[in-house]
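Visitor: I am new to this structure and would like to learn how to read it feature by feature. Could you take me through it slowly, giving the general idea before each case?

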Amino acid sequence: MKKILLVLSLLLLVGCAKGGKDESVSSGEDVLKIGILQFAQHPSLDNCREGVIEGLKEDGFVEGKNLKIDYQNAQADMGISAQIASSFVSNKVDMIIAIATPAAMSAYNATLNTDIPVVYTALSDPVAAQVADENKNPVGNITGTSDILPVEEQLKMIREILPDAKNIGILHTSSEANSDSMLKIYKNLAGKYNFKIVDEAINTTSDIPLATDNILSKVDAITNLLDNTVVNSLPTILDKANEKKIPVFGSEIEQVKMGCLGSEGIEYISLGNQTGKMASKILKGEKKAKEMPYETILEPNLYLNSKVAENLGIKIPKDLVDRAVENFSEINLAEGK
């Protein structure tokens, strides 16, 4: 009996020495909690998240060591996005990282009466989303990075590839502030390149098939915005456009891999990495979110898909081929996972 009591006492002492901590977390370090709210599941936003985590890691914040990450995906539903943001606040996370415009707006609203900082990424127009002013300064305890599309470069590239095109189609979600903002920019610049913009508004994913059929009957090409609902339905749009031999131009590398003809866009892992480094400054106490203007990546990258061009019977000018950062020779719909 004495031996049993001795063994139990030793086990109790060992348990107390461990202090109940997760062995995956290094002892002696404070563990910070971050909630990552991603609005939808598609490759560009996934790449953003990957870049954010890598940027934090490069600055010393490592998941499982001194960082605990609660990742939640809203599946392109505004109601779910708001619920996730509220749950992060209830769980008293140290920071919310919001990926895409609707996620940023949900996080901003949920944290208004708290001291929880919000860092966003993949937000096209922070001013239109009312989280920044015209001078890029935060409106509240929120900052991050914008993925605003280089519209003029995109239109110039389309004109070079399609010298006879007249009408460019844009599908957009009427409830997304970033989509409305980008559409206005397109319409303001289209005339400079002798294009007319034909737009078709949608509300939900279920509207995509009919809206795509409608717009394809009126245009020579489609150019894709940074609209989360539209990007989520890109395989459907590409299928319908390919049947009619109408090219679709994307906004970033993953969409070109999936079957868009080309894109003057950004690379989202780099954007996410830049965001992670902004977040680390806040976590270290070097800066406050409300003191940090939002940032952008200034230089766009040209991506092309020569296989798509071949399928559509389109010849891409040599100077564009030479300038492309990457020119894909196959279509990989699996990238849309």
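Predicted model: local features only at pLDDT ≥ 70, side-chain atom pairs only at ≥ 80, totals over all residues.

Visitor: How many cavities of 30 Å³ or more does the structure hold, and which residues line the second largest cavity?

Guide: There are two cavities of 30 Å³ or more in the structure, and the second largest cavity contains about 60 Å³ of space. The second largest cavity is lined by Leu171, Ile222, Thr223, Asn224, Leu225, Val230, Leu234, Ile237 and Val248. Strand S8 (221–223) and helix H9 (234–243) each contribute at least two residues to that lining, which by class has seven nonpolar and two polar residues and no charged ones.

Visitor: Now for the helices: at what angle do H2 and H11 pack, and how far apart are their axes?

Guide: In general, two packed helices are described by the angle between their axes and the distance between the axes. Helix H2 (residues 43–58) packs against helix H11 (residues 268–283) at an angle of about 40 degrees, and their axes are 6 Å apart. That angle makes H2 oblique to H11, and the crossing of H2 and H11 is right-handed.

Visitor: Which residues of H2 and H11 meet?

Guide: On the H2 side the residues in contact include Ser44, Asn47, Cys48 and Val52, while on the H11 side they include Tyr268, Ile269, Thr275 and Leu283. By class, the contact of H2 with H11 has eight nonpolar, nine polar and four charged residues.

Visitor: How do H3 and H4 pack, and which of their residues meet?

Guide: Helix H3 (residues 78–90) and helix H4 (residues 101–110) pack at an angle of about 40 degrees, with 8 Å between their axes, and H3 and H4 are therefore oblique to each other. Their crossing is right-handed. Met78, Ser81, Ala82, Ala85, Ser86 and Val89 from H3 are in contact with Pro102, Ala103, Ser106, Ala107 and Ala110 from H4, and the residues of this contact divide into eight nonpolar and three polar, with no charged ones.

Visitor: At what angle do H5 and H6 pack, and which of their residues meet?

Guide: For helix H5 (residues 151–161) and helix H6 (residues 177–190) the angle is about 50 degrees, and the axes are 10 Å apart. That makes H5 oblique to H6, with a right-handed crossing. Val151, Glu152, Gln154 and Leu155 of H5 meet Met182, Ile185, Tyr186, Leu189 and Ala190 of H6, and by class this contact has seven nonpolar residues, one polar and one charged.

Visitor: Finally, what is the phi of Gln75, and where is Asn194 found?

Guide: As a general rule, most residues other than glycine have a negative phi, and most peptide bonds are trans. Gln75, although not a glycine, has a positive phi of about 55 degrees, and Gln75 lies in the loop between strand S2 (67–73) and H3. Asn194 is found in the loop between H6 and strand S7 (196–202), and the phi of Asn194, also a residue other than glycine, is positive and near 60 degrees.

Methods
Residues numbered from 1 in each chain as written. Heavy atoms only, no water. Axes fitted to C-alpha atoms, helices over the stretch in contact; angles between N-to-C directions. Helix = DSSP H or I, 4+ residues; strand = E, 2+ residues; numbered from the N terminus. Parallel < 35°, antiparallel > 145°, perpendicular 65-115°, else oblique. Left-handed = near helix turned anticlockwise from the far one by under 90°. Contact = heavy atoms within 4.5 Å. Nonpolar A, V, L, I, M, F, W, Y, C, P; charged D, E, K, R; others polar. 1 Å grid on protein atoms, 1.4 Å probe; cavity = no way out; pocket = protein on both sides within 12 Å on 5 of 7 lines; lining within 4 Å. Points joined across faces, edges and corners; volume = space filled by probe spheres on them.
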